[in-house]
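Morning, everyone. Let me put the structure up, and then we will walk through it.

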Amino acid sequence: MGTNEQPTLILKDIHKSFGKNKVLNGISIEVNKGELVTFVGPSGCGKTTLLRIIGGFTEHDSGEVILDGRSIGHLPPNLRDTRICFQNYALFPHLTVGENLAYGLKVKKWDKKKIRERVDELLTLVQLEGFKDRMIDKMSGGQQQRVAFARALAFSPKVLLLDEPISNLDANLRVLMRDEIRRLQTELSITTVFVTHDQYEAMAISDKIVVLSDGYIQQVGSPIEIYDHPVNEFIASFVGYVNFLPAKIDSIIKETDAAVVSTEYGKLEIDIEQTEFAPGTEVLLVIRPETLKIAPSNGTVTTQNVVQGTLRRYIYSGALAKCHVVLGNDKEVIVDIQDPRDHVPLRENEKVDVTVSRNVHVLKKRA
Amino acid sequence: MKAKLSLAVLVIFSIMVVGGSVYAADEITAYMGTSPDNNIAIVDYIKKKTGIHIKQTFQSFGEIEAKVKAEAPNFNADMCLGVGSPLTFMAKKNKWAGPYKSSDWLGIGKVFVDPEGYWYNIGNFSFVLVGNKDALAKKGYTLPTSWQELLDPKWKGEIVMASPLSSGTANMIRFAFLALYGDDGGWDFLQKLDKNIHHYTRSGNAPTDLVGRGEFMLGITSDENVKNRLDQGYPLVWGVPQEGIGYDGTFAFIFSTTKGKQLSLCQKVMDALGDQELSDIMAGIGYMSPRPAANKLYGAMTPKYIDLDLGKAAEERPKNNDIWKSKFRVTYK
Amino acid sequence: MAATATLYHAQLTGWERIKEFFNAKFINILALSLFLLLAVFLLFPIFAVLVKSFQGPEGFTLAHYENFFTHAYFFQSLYNTLLLGLINTIICVGVGFCFAYMTTRGPMALRKPLKIVAMIPLIAPPYLFALSLIILFGRVGLITKTFGVNWEIYGFDGVVIAQTLAFIPLAFLMLENNIKSLNPNLEESAYDMGATEGTIIRTITLPLLAPGLLKAALLVFVMTIAEFGNAAVLGGRVPFLAPDTYTMIVGEADFSMGSVLSVMLIMPCIMIFIAHNYLLKGKKFTTIEGKPIASEPRKMSPFVKVPFITVTFLFGFTIFICFAVVILAAFVNILGVRNEFVMRHIMDFRSNMAIWNSIRVSFIAALVGGIIGTLLSYVIVRGKFVGRNLIEMISLSGFALPGTVIGVGYLIAFASPPMKLTGGIMILALNCVFRFLAVGVEAGITKLHQINIEIEEASWDMGATFFTTFRRIVLPIMFPAFIAGFIYTFMTAMVSLSAIVFLVSPGYELAAVTIFDAAAYGKIGLASATTLKMIMVVILCMIVLNLLTKFTNLDIERKGGAA
């Protein structure tokens, strides 16, 4: 991907406020050619505003928007090589599917024959052949989504902007459309910026994820980096559930890149890549529920990396079972059991042993 | 709690608004067709003299005539106070008016009192020619002294008068010219005059104000507001052309449908109208009053009057209206 | 309730059965009573006009129509009226659109001021502009004198200008409402695909606004040809149907010809109303569900911005000047003659009674109209009976009925016993109620469509009777619609002239009529002063109304939201 080539889209120190309300505080992002970058964050984090700034619908206060080496921050949307697809699709209700697809081409004064060919091409692309003369309100939600997507692709834009494009669909359809968007995007190799509030969607679709909160970038990274190596508590808990366990570094074992930490519930030995932790540092262990293992307790703890607790609740949901375990007096952790049918039976309100894997992410504890 | 309180305020306010003013004990409703100012002067006088309040709204003679005709026999008023001869004579003929012999009008002549008591005339008024002093001076014109001068093309679009369809004054003007020049000559004169008329106003008094403010140079208008506007400082000149002017009465009558207490109130009002004091008020405005009083407009001069048969005028009004419409409502260029 | 309970104590089961019956059939009973009201106070007067126009001394006759069609004068009058309506509609809708676009899509700083300017004329009688034009362009007008302009304001041009200025707010209000419910993303999408702002307006905004434009056009057309104040004051000798009808009825008591003119006036309106209903069938682009989205100000392209700003500033400035000179004229002794500052017009308290009457009439009309409108919309949306569409069409037809015609109709229909209403205050109020009903009904229908019927069903489910549900659930939800109907009726009733001028009677003088008389009379000072006082009163009433709704916790948004 982005080797020596310069990034397709560069945002440099973008600031924006609405009245007294500061929405974006110096955002800098690079998007490489063919990449799908997702802006994700809770509502009000500024992700849609940022997208609208790239599209030219909202004026930023300061900073630069650079597309293919050219600063485009001052251009109106109709002069930018970006194409947006709104959350509500914004399909023109007084036009047919075909007319919707042809709208931009007509505006750009393409000749009739070329327009017709392109429209047919687009319809094939999103598998809507034969729907050309339908009115928009006669199409289902999923079909409307496809039309909107196809319309945005009409010109092969340099950057495609998708503003929560599938959030209006129901759960099953959402997954299907998500995969299809990803498929078309990679196939056509379109540089894409995708906005969503759904972290799982972001994980599933992106090359790169930008996590925003309160107008600041919290972290930029691949889905794996974001999930496994969150830089702070916010990121860690934003993507999926996480158990936080306060601990203190006892000693570092250089040869194996391991560390021994002590928690309120016992000592643990974990792998540690970060080198900034000296013995004595207060840290927070970030433990994903699926990395924990659980078994009925036989009374005494002998094995390494095992802490003892009480199973408070056991929630079965088919592929997964969630165990709420109380450590010590009131520290609740959640343990996921994959394929619970094969697991040893557990009973609520009985003692259990929880095994912590060595593969634990460590955050420095905030003062 | 606050909500309940505010709601209570709202309810009380609603009742107040819907309920309206408390019905005054002695109150009558009258159609009054003199100018708005003069209506008020008469209402105030009656209130002071008798304590009776008159509910009224301004309408011109012609409009009241139309209203009464339309409402008959379900009149929405107790009496008419200040209406023209066409309506009055019609009301007597159709018995819309009821007779009442007022002792306070004793000794006043036939022009002002119906011998059978169906109507009383509180003052004769006329029409005069008015001009805007400044506008005339600017052009170097003087106020015409003969009606014929009005036909001069130099006045084109500069003369206003009321429409005889809605105004009693204009009806009087029309009939006066028909009486002066004979039927054919009269219509001929009116048709020629029409070419110079800017437009016909609704009310016979309107030309006084329009000319006074300088919107138009000349007006043929009722004399009842002229004195008042001169006093207010309007740059008006007025005159009685040599051929003379017409006149009409300002009549009062009680509807035959008025009964009981309302009737006795109306009769009290009628009595008060026969008083010297009202004659003084009317003459002060410029009317020729029933009882001798100093006329503030004409002074000691008695203007030259065109000989009129008011009865005939009333009778021929509908016919003349039709001729008028056929002549002056042909096309618009 | 307590009193009736004891009364019927002996035959409790009977009373209960009655109660049961009412509970079950309430909506039908309500619908029937409302229909009767509509029939008596809206259809019957129109019908009476129609009958009158065919009535001769010996029964049925076509003589009056013959009279109409054989006289060039009447034809000229009809032609002028239609031409005036057409020109006015085009200008008002065009300018109204410019204003609406600027206040919803334009720069933030301009939105509020432009909106205020565009709404100002609503608080004054429409013929205020005749007054202003005389003050400015009359033969001794300010502009005529200062600049020596010799432009004849009396005539067709003057009427067109005055009517246009008077009805821009109406077009603006309708269109603004429509643009607000237009999803800005649609226009942004077109923008994104390379369209320029001009192209977007032409290909997206206007086509989507078509229903709103059509409706605004209908409303402006009807109002223009019916409100005759401007034409009567400025028309000079140019005939128009509405003032002619007025002269026919009020001046000559010629009800036959008056009725014929009324029928001529109502014909084009009804034709447009039907065409409008037909054209809009199944063509409503509601692009936003629920609440309107405020659009971000967009960087307008100069090709759009310059003309739009020019148009809005030009008309805004003119409207502003017109109001300013009327306020000024209220303090001038004799305008153009003795230009000295006086308080005597303002201190002339005779017009106060008329203003007080106007408030009373408008308040009664607004209250009754708000209630009937709310109930009607409920019946229309929730009822399940034959003739529902008919009721809907009748109650919305107020949009298409010229006030002049309704005025004449009331005068004919309610002049004699047993339904004698003339000569009182109620005829004035009722006339306003049914003429301005449509706005409240429409607001109610929109509101009800937004609310799921399940809310009511839930209430029944929990054991509430129909009445309890209605009082506890439906009425609070409908309250904003009631307020909308109330405010519209109040404002319009305060300033409208065309119908009530036929119905005023001694003691029940109304401000609008007083001002009209004074203006026709040439008493600029008095007319201006009364107008000024009336404007103040309207503003004051609006403020009081706003405060009351706030204090009574009947706040529109909250009630709507909580539901």
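How many residues of chain B are in contact with chain C? The count is 48 residues of chain B, against 48 residues of chain C. Contact here means that the C-beta atoms of two residues, placed from the backbone, lie within 7 Å.

Some ground rules. This is a predicted model, where local features need pLDDT of at least 70 and side-chain atom pairs count only at pLDDT 80 or more, while totals for chains, interfaces and linings use all residues. Residues are numbered from 1 along each chain as its sequence is written, and chains are lettered from A and ligands numbered from 1 in the order in which they are written.

Back to chain B and its side facing chain C. Five elements of chain B each supply at least two residues there: α1 (2-19), β1 (27-31), α3 (61-71), β7 (197-201) and α7 (206-212). A word on those names: helices (H or I, at least four residues) and strands (E, at least two) are DSSP runs, numbered from the N terminus. α1(B) gives the largest share, eight residues. By class, this side of chain B has 19 nonpolar, 19 polar and ten charged residues. The classes work like this: Ala, Val, Leu, Ile, Met, Phe, Trp, Tyr, Cys and Pro are nonpolar; Asp, Glu, Lys and Arg are charged; the others, Gly among them, are polar.

Now the other chain pairs. Two pairs of chains touch, and chains B and C have the most contacts. Chains A and B do not touch; their nearest C-alpha atoms are 35 Å apart. Chain C does meet chain A: 20 residues of chain C contact 19 residues of chain A. On the chain C side, α9 (184-192) and α10 (197-226) each give two or more residues. The largest share, seven residues, is from α9(C). That side of chain C divides into nine nonpolar, seven polar and four charged residues.

Next, domains. Their bounds come from an automatic or database domain assignment. In chain B, domain 1 is 28-124 + 248-285, and domain 2 is 126-247 + 304-328. The C-alpha centres of these two domains of chain B lie 26 Å apart. Between them, 17 residues of domain 1 are in contact with 20 residues of domain 2 in chain B. α2 (36-50), α3 and α4 (85-93) of chain B each give two or more residues to the domain 1 side. α4(B) has the largest share, four residues.

Chain A also has two domains. Domain 1 is 9-238, and domain 2 is 243-291 + 307-364. In chain A, 39 Å separate the domain centres, taken over C-alpha atoms. Six residues of domain 1 of chain A are in contact with five residues of domain 2 of chain A. The domain 1 side there has two nonpolar, two polar and two charged residues.

Last stop: a sheet in chain A. Which order do its five strands take? They form an open, antiparallel sheet, β13-β12-β11-β14-β20 in chain A. To count as paired, two strands need at least two bridges found by DSSP. The edge strands are β13 (266-271) and β20 (361-364) of chain A, and each pairs on one side only. Now look at β14 (residues 282-287) of chain A. Four bridges join β14 to β20(A), and the two run antiparallel. Find A:Leu285; opposite stands A:Val362 in β20(A).
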